Amino acid sequence: MKKKIIALVTVLLMVLSLFPMVALAADGSITADGTYALSDYGNDSTITIGAGLTVTLQGDAATTYTSVYIVCGAGVKLTLSNVKIDNLAIPPPVPAALTFTGTGNTLTLAGESTLRNGGYQPGVRVSGGTELTIDGDGKLYAHSAGGAAIGGAGNPGYITCPDDSTVGAITINGGTIRVGTANGSAGIGGGYNSSGGHVTVNSGTITGYGTFDGAGIGDGQKGSGCHVVINGGTVTVTSGSTVWVTARA
């Protein structure tokens, strides 16, 4: 009888191994430098990274997670390696897929990562008073419906959105970045009805678009006052109104 039970358990385990494992939600706080697997958190999770830490988040090319939100304290040095997050279908109110706060932040790109967000929130949020430098040899595709792909949240007025749609300072020193938006937001800079803060491009390759009157790099539709400086790199961006880049000296 005992042998039969062992045989049945063995067969059951073999059958279960044929089915893919489903990532379970596991909110977590990262409190030490190191490399962390996104699979340890899974779908429907919020990952908080403590201020001043140097962290690598490691995904894989075959897995896209949803309803995942990464929130960084000030001065975080974050590397994204093959991280794929798609929150585009999540209804508002939602946070950004990746949020930076304060100064001294860096985002290093490794492999190919994707950050897509809906609800007038950016793929990568850089609010007023926040500074972010993007670098690395990897690729990033960022997309938002109503917020900038990289930059600030949108402010449509008819749904619950963040009360702070301002944008801080974004500096791009490297990487291959593709941005896309919807609902009148800029590719890099301001969300709908928001100005775009300060954007400086020193190197890297940037392609993509804003929508309606949202700039490729600059202000969102109905926004004004963005400062854009392009010192180098290859930049090819458009908007729905054919505005390439809006800038003010």
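Colleague: Start with strand β5, residues 68-72. Is β5 largely enclosed or left open by the rest of the structure, and why?

Modeller: One thing before that: this is a predicted model. As for β5, four of its five residues are buried, so the strand is largely enclosed by the rest of the structure.

Colleague: Which strand is joined to β5 by five bridges?

Modeller: That is β3, residues 45-49, and the two run parallel. As an example of who faces whom, T46 stands opposite Y69 in β5.

Colleague: And how many bridges are there between β5 and β8?

Modeller: Two, again in the parallel sense, with β8 covering residues 98-100. V71 has T99 in β8 as its bridge partner.

Colleague: What holds paired strands together in general?

Modeller: Strands of a sheet pair through backbone hydrogen bonds, and the pairing can be parallel or antiparallel.

Colleague: Which other residue has a positive phi although it is not a glycine?

Modeller: N82 has one, also about 55°. It lies in the loop between β6 (77-81) and β7. At 22% relative accessibility, N82 counts as partly exposed.

Colleague: While we are on the backbone, where is the cis peptide bond?

Modeller: It joins P92 and P93, with omega about 0°. P93 is in the loop between β7 and β8.

Colleague: Change of topic. What is the strand order in the open sheet of six strands?

Modeller: The order is β7-β10-β13-β16-β19-β22, and the pairing is parallel.

Colleague: Which strands stand at the edges, and what does that leave them with?

Modeller: β7 (84-87) and β22 (234-238) do. Each has a single partner strand, so one side of each is left without a neighbour in the sheet. Going from one strand to the next, the twist averages 10°.

Colleague: Take one pair from inside that order. How many bridges link β16 and β19?

Modeller: Four, in the parallel sense, between residues 176-182 of β16 and 205-209 of β19. Within that pair, V179 stands opposite G208 in β19.

Colleague: Now the core. Which residues touch the most other members of the largest nonpolar core?

Modeller: L78, L98 and I150, out of 45 residues in that core. β5 gives the most to this core, with three residues.

Colleague: What does L98 touch, leaving out residues up to four places away in sequence?

Modeller: Its contacts include I70, C72, L78, L80 and L107, and also L115, G123, V124 and R125.

Colleague: What do nonpolar side chains tend to do in general?

Modeller: In soluble globular proteins, they tend to be buried together.

Colleague: How many aromatic pairs are there?

Modeller: The count comes to one aromatic pair. The rings of Y120 and Y192 have centres 6.5 Å apart and planes at 65°, so the pair is edge-to-face. Y120 lies in the loop between β10 (112-117) and β11 (124-126), and Y192 in the loop between β17 (188-189) and β18 (198-201), so the pair ties together parts that are 72 residues apart in sequence.

Colleague: Are those two buried or exposed?

Modeller: Y120 is buried, and Y192 is buried as well.

Colleague: Which residue lies over the face of Y141?

Modeller: R178 does, at 4.0 Å from the ring centre.

Key: Residues numbered from 1 in each chain as written. Predicted model: local features only at pLDDT ≥ 70, side-chain atom pairs only at ≥ 80, totals over all residues. Heavy atoms only, no water. Pairing = 2+ DSSP bridges. Axes fitted to C-alpha atoms, helices over the stretch in contact; angles between N-to-C directions. Buried < 20%, exposed > 50% of the residue type's maximum accessible area, 1.4 Å probe, protein only. Core = buried A, V, L, I, M, F, W, Y, C linked by side-chain atoms within 4.5 Å. Contact = heavy atoms within 4.5 Å. Phe/Tyr/Trp six-rings, centres within 6.5 Å; stacked < 30°, edge-to-face > 60°. Lys NZ or Arg CZ within 6 Å of the ring centre and 35° of its normal.
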